Each structure stands twice: as C-alpha cells, then as structure tokens.
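Please look at the sequence and the model below.

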Amino acid sequence: MMINPILRNEIKTDSRRFRFYLLLMLYVALLGIPVLLIYRLICNEYRINAQEFISLYILLACMQAGVLMFVVPALSASSITGEREKQTLDILLTTKMSCRSIIYGKLLGVVSKVVLLIICTMPVYAIMLFLGGIKLIDIINCNLYLIMTTIFVAAMCIWVSTMVKTTKFANVASYFIEIGLIIGFPIVVLVTVALKAAMTPGLDMNKVMNVVSYILPISPGAGYGYLLADQLHSTDFLIGAFGVRSNMGMSIPGWGISLITEVILTVIFLEAAIKKLNPLKKNRRRTKKAKKIKKAKVQEEINAVSKEVAEEISE
C-alpha cells in the first residue's frame, strides 16, 4: 500500500515524541474534567433533567471547537517555514516528490493528529447518551464537521506558511486570519446590519435577516452554530449566539453553505500553496524577466547604432 512519504514521516516522528502524547493528555483533560464535574453536579440533584445533558452537549461541542481551532494553527503554521528554518526545504524539493505531494502530505499529517484527538474525546461524548436527548448520529455529524473545518484551517495555515519566511510570523498571521474568518466575519455582518437598520427607518428586517441567513454561514463558526441548532431542533441557541434564525425556511441548511464554502476555499488555498512552493514557477518568472531585460538592452544598442549611422549619412 502506497502512502505519502511526508505523512509516513510525520506519523513516525510524532509517535516517538513525548510532547504529542502530552498534547493528547492535556486535550482530553481540558475537555473531560469540566464535563465530569458538571455531570457529577447534575447527577447529585434530586431529579435528573435531560435538558441539562443537552446543555452539557452544547458546552462540550463549543469547547472542543474552540480548543481545536487553537491547536490546528499551532500544528500546521510551521509546515513549510519549519522546513525552511531547518534548511531542509531545498533538499525536500530536490527529491522525486512533487510540490503537490509535499503540500498534501503536510495537510494529511495535521488532519491525522486532529482525527486522533477527536477519537480520544468520543468517550466523553458518550456521557450524553446515558439519559437521551442527544443521538449518536448528532455526535458523529458534529465531529465530521469539525474535521472538515480542520482541513480548511490547516490548508489556510499551510498557504500562509508558504508565503512567509519565519514560523513566528506564520503563527501570528494564521491565528489572525482564522479569528477574522470564524469570529470577525459574523461580527462585521451583524454590526453592518444593525447600522443599516438604525440609519434606514422602515427597513424590512425580515428580508434583511433572510439575506443574512445565507451570508453568515460563510463563517465556519456560524455554520457550526447552525449545525447545533439543527440537531437540537430549536432556534434558541442560534438566536442567542448569532441573533438570526436557524435553517427553517432556507433551501440550503446554514451548515451546508458553510461546508461548501470551506471546500472551495480549501482547494483555493492548497492550489495557491502548491504554486507558491513550486521552484520551477519562480525560475520561469526570472527567465522571462531576464529575457525582457536582455531584449531591452539589445533594442537600445540597435537604436544607438541606427542613430550613429543616420548621423554619418547626414554628414
């Protein structure tokens, strides 16, 4: 069975590093300990309310999404800059591997780590299945959405890593872009709608919110909110989080719009990273630029000779 050499190397090196197992332990502890404490408080009550387990599921889903969106840039932002700083990028580019294989290998390496993290938290999710309210398919769909979002964020971070030269700047730029897409974009949309409503008396807010319902899911964070609201069959969570309605009346679910956007942007980021990493593209640009400069010099020499000949003839 053929496996990407970069992915194989990532799996081998990570399995021998203590810090990866430390990351697994901290990740599970960060999500598991609060859930277990809240679960104990719920069970100590005189009557157990299934609605409390639904609230616990929302809390765990939001905590997991927040932790993953913090971990993914840390794992992927140094994909190319790390190789450049270790002075192994040029050696990697001289191998038989194509730039596409290198980028895809780095992406799959990050995704494999995140999938392992998600699998480790599945027993924590199982607590919500004890008294009902949450179905197993809901938990699976939630984690599949997070995996797709992870692929999108990792592709974006790898593209940033090909554009800059240092890992520190790549980390800062990756977190800045990620926060802008996940949190900043919904805030900008909602603030714009609020200002427009304040400045335009008599504005039909139903039509405006209908448009916002299709624009807002472009953000992965808003799409995740739509998914949770759809699973709970309630708009209360979404109204509290984003101030808009859920999937009701929409031809495409909000989380579906978000997934389509993520797939398109993932392809764009990966192709841009491959193009930027390809050294042949740079050489072609340099060759074309050199040819233009040489052609301009030749033309200048021809013009100078023609001018001299014209002056001799006139004399």
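Patches are made of residues with over 30% relative accessible area and no salt bridge, with like charges joined within 9 Å and nonpolar side chains (Val, Leu, Ile, Met, Phe, Trp, Tyr) within 5 Å. The model is predicted: local features need pLDDT of at least 70, side-chain atom pairs count only at pLDDT 80 or more, and totals for chains, interfaces and linings use all residues. Residues are numbered from 1 along each chain as its sequence is written, and side-chain values use heavy atoms, with hydrogens and water left out.

One nonpolar surface patch consists of Ile179, Ile183, Ile187, Val191, Leu195 and Met199, which together have about 600 Å² of accessible area. Ile187 belongs to helix H9 (residues 167-199), a helix being a DSSP run (H or I) of at least four residues. Ile187 has a relative accessible area of 47%, so this residue is partly exposed (buried is under 20%, exposed over 50%, partly exposed in between, with a 1.4 Å probe and protein chains only).

The largest pocket has a volume of about 610 Å³. A pocket here is an open set of points on a 1 Å grid where a 1.4 Å probe fits, with protein on both sides within 12 Å along at least five of seven lines; lining residues have an atom within 4 Å of a point. Arg17, Arg19, Leu75, Ser78 and Lys113 are the closest to the pocket centre among its 21 lining residues. The lining comprises 7 nonpolar, 6 polar and 8 charged residues.

Phe53 lies in helix H3. Phe53 counts as buried because its relative accessibility is 1%. Between Phe53 and Ile42, 11 residues apart in sequence, the C-alpha to C-alpha distance is 8.3 Å.

Note on methods: Accessible areas come from the Shrake-Rupley method with a 1.4 Å probe; for residues, only the protein chains shown count as cover. A salt bridge is a side-chain nitrogen of Lys or Arg within 4 Å of a carboxyl oxygen of Asp or Glu. Helices (H or I, at least four residues) and strands (E, at least two) are DSSP runs, numbered from the N terminus. Grid points are joined across faces, edges and corners, and a volume is the space filled by probe spheres set on the points. Ala, Val, Leu, Ile, Met, Phe, Trp, Tyr, Cys and Pro count as nonpolar, Asp, Glu, Lys and Arg as charged, and the others, Gly among them, as polar.
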